[in-house]
Amino acid sequence: MDERAAGARSSVESMFREEHGRLLASLVRRFGDLDLAEEVASEAVEAALVHWPVEGVPARPGAWLLTTARRRAVDRLRRDQAYAARLAILQVEADRADPAPSADANSDLPDERLQLFFTCAHPALPADDRVALTLRCLADLTTSEVARAFLVPPATMAQRIVRAKKKIREARIPFRVPGADELPERLPGVLQVIYSIFTEGYAASSGSDLQRLDLAEEAIRLARILHRLLPAEREVAGLLGLMLLVHARRDARSGPGGELVLLDDQDRGRWDRVMIEEGRGLVLVALTGGPPGLYGVQAAIAALHDEAADVVTTDWPQIVALYDVLFALAPSPVVALNRAAAVAMRDGPETGLALLDELAAEPRLRGYHPYPAARADLLCRLGRFPEAAAAYREALDLAGTEPERAHLRGRLSAVTTAGPADT
């Protein structure tokens with residue numbers, strides 16, 4: 001591949017990552033079918049890889065991709081009149097239920113992606129299918145990346161995505177933002193989707209980079225839109241606050257070479273204090289006026305970390321208490337794992353390790369590398385180095401990104417070669 005062709009391919013891939021959600025949402029809005037939209041979007045990218053190396057990258061690459069995809073869709077519908085007729089019925093029904101949006105640049109909905117979020121998070125879909133479909137379609141994660149994010153096999157995740165698309169098509173779910181009376185019921189699914197995207201951005205499930213900042217920032221942008229739409233919804237404030245408080249540490253999480261830097265070792269002077277202050281304000285909103293919600297509690301935990309001068313002075317008793325509340329709201333082995341780590345900081349490594357060992361039979365933790373990594377760290381603190389080495393090896397086999405694997409290799413080397421004094 002010559003330099004021009006390589007540059008064109010890079011431009012297409014970069015543009016498609018940036019424009020994928022907007023492109024797909026526009027196509028679904030026009031044609032009412034996710035499968036068709038995905039297929040012609042992919043065909044448009046393939047066409048760009050052919051034309052751009054010869055003709056040059058157009059001034060408006062996103063518009064070029066959209067125009068090409070629309071033409072491919074029209075050509076396909078002309079060849080399949082029965083399919084076109086079904087889509088026409090769906091489009092008429094959607095237009096009746098939801099008139100065309102205003103082109104006002106100051107609209108709270110600056111593009112159609114939020115509408116696609118609510119479509120993918122429709123209550124007619126099972127909860128897991130909503131998240132899987134939205135991550136696949138709007139965040140442009142591969143099926144394998146979505147599967148890793150939810151600790152299930154890729155084949156299982158692929159079935160969920162196919163099932164969700166089929167349900168949308170057969171149930172004739174409209175492409176629109178719900179009315180005010182529907183939002184409270186629909187909102188939790190959308191919040192879960194946004195947080196899942198942020199999680200993949202903050203801690204990538206695979207690849208050479210520890211973080212995917214584009215995903216994390218996209219999740220924050222979408223949460224800001226929701227917060228403008230629903231300023232009185234405390235859990236929206238909680239989610240936005242949580243993401244800001246965590247994302248504030250982004251620059252300190254990696255070293256000069258992209259290596260992983262754990263919370264204990266981070267330069268807290270590099271944390272984004274403006275973002276932290278905004279997040280703390282949102283925590284107050286989330287925890288005021290009623291029982292705490294899932295995201296508000298997690299945001300409060302993040303705020304305690306961000307407010308501490310170092311790990312030693314962190315308010316671990318309060319963090320453990322908040323994890324107790326969180327577990328009551330949403331019991332899961334991952335929450336139990338995080339609580340055990342906090343207990344280890346409050347009460348010592350032996351107590352924390354006992355709690356971790358109680359989770360050994362949890363199926364969802366078997367492929368989750370933070371679990372053996374946490375055990376290894378506590379075993380090191382207790383001087384049980386052969387056991388720690390075995391746990392680090394287990395974590396190394398499961399880790400998804402190269403920075404995580406490099407960190408675990410370093411810890412394993414310290415345990416096996418340097419001895420207790422250097423661990």
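A: Of the 423 residues in the chain, 48% are buried. The model is a predicted one. Its secondary structure consists of 19 helices and zero strands. Among contacts with a separation of 6 or more, 65% join residues 24 or more positions apart. The chain exposes about 20000 Å², and carbon and sulfur atoms supply 52% of that area.

Now the helix pair. Two packed helices are described by the angle between their axes and the distance between the axes. Helix 5 covers residues 113-120, and helix 9 covers residues 183-202. Their axes come within 9 Å and cross at roughly 110°. An angle of 65 to 115 degrees counts as roughly perpendicular, so helix 5 and helix 9 are roughly perpendicular to each other. From helix 5, the contact uses Phe117, Phe118 and Thr119. Helix 9 brings Leu183, Arg186, Val190, Val193, Ile194 and Ile197. By class, the contact has seven nonpolar residues, one polar and one charged.

Next, the core. The largest nonpolar core has 95 residues. Leu27, Leu116, Leu133, Ile194 and Leu226 touch the most other members. Leaving aside neighbours within four places in sequence, Leu133 is in contact with Leu34, Cys120, Leu125, Ile161, Ala164, Lys165 and Ile168. A second, separate core holds 27 residues, including Leu337, Ala344, Tyr392 and Val415.

Two loop residues complete the picture. Arg172 is found in the loop between helix 8 (154-171) and helix 9. Phi of Arg172 is near 55°, a positive value in a residue other than glycine. Is Arg172 buried, exposed or partly exposed? Its relative accessibility is 45%, so Arg172 counts as partly exposed. Gly348 lies in the loop between helix 15 (333-347) and helix 16 (349-358). Buried means under 20% relative accessible area. Gly348 has 18%, so Gly348 is buried. Gly348 and Leu378 are 30 residues apart in sequence, and their C-alpha atoms are 9.0 Å apart in space.

Back to the helix pair, in brief: helix 5 and helix 9 cross at roughly 110°, with seven nonpolar residues in their contact.

How values were computed
Residues numbered from 1 in each chain as written. Predicted model: local features only at pLDDT ≥ 70, side-chain atom pairs only at ≥ 80, totals over all residues. Heavy atoms only, no water. Core = buried A, V, L, I, M, F, W, Y, C linked by side-chain atoms within 4.5 Å. Buried < 20%, exposed > 50% of the residue type's maximum accessible area, 1.4 Å probe, protein only. Contact = heavy atoms within 4.5 Å. Helix = DSSP H or I, 4+ residues; strand = E, 2+ residues; numbered from the N terminus. Areas by Shrake-Rupley, 256 points an atom, 1.4 Å probe, with all protein chains shown as cover. Axes fitted to C-alpha atoms, helices over the stretch in contact; angles between N-to-C directions. Parallel < 35°, antiparallel > 145°, perpendicular 65-115°, else oblique. Nonpolar A, V, L, I, M, F, W, Y, C, P; charged D, E, K, R; others polar.
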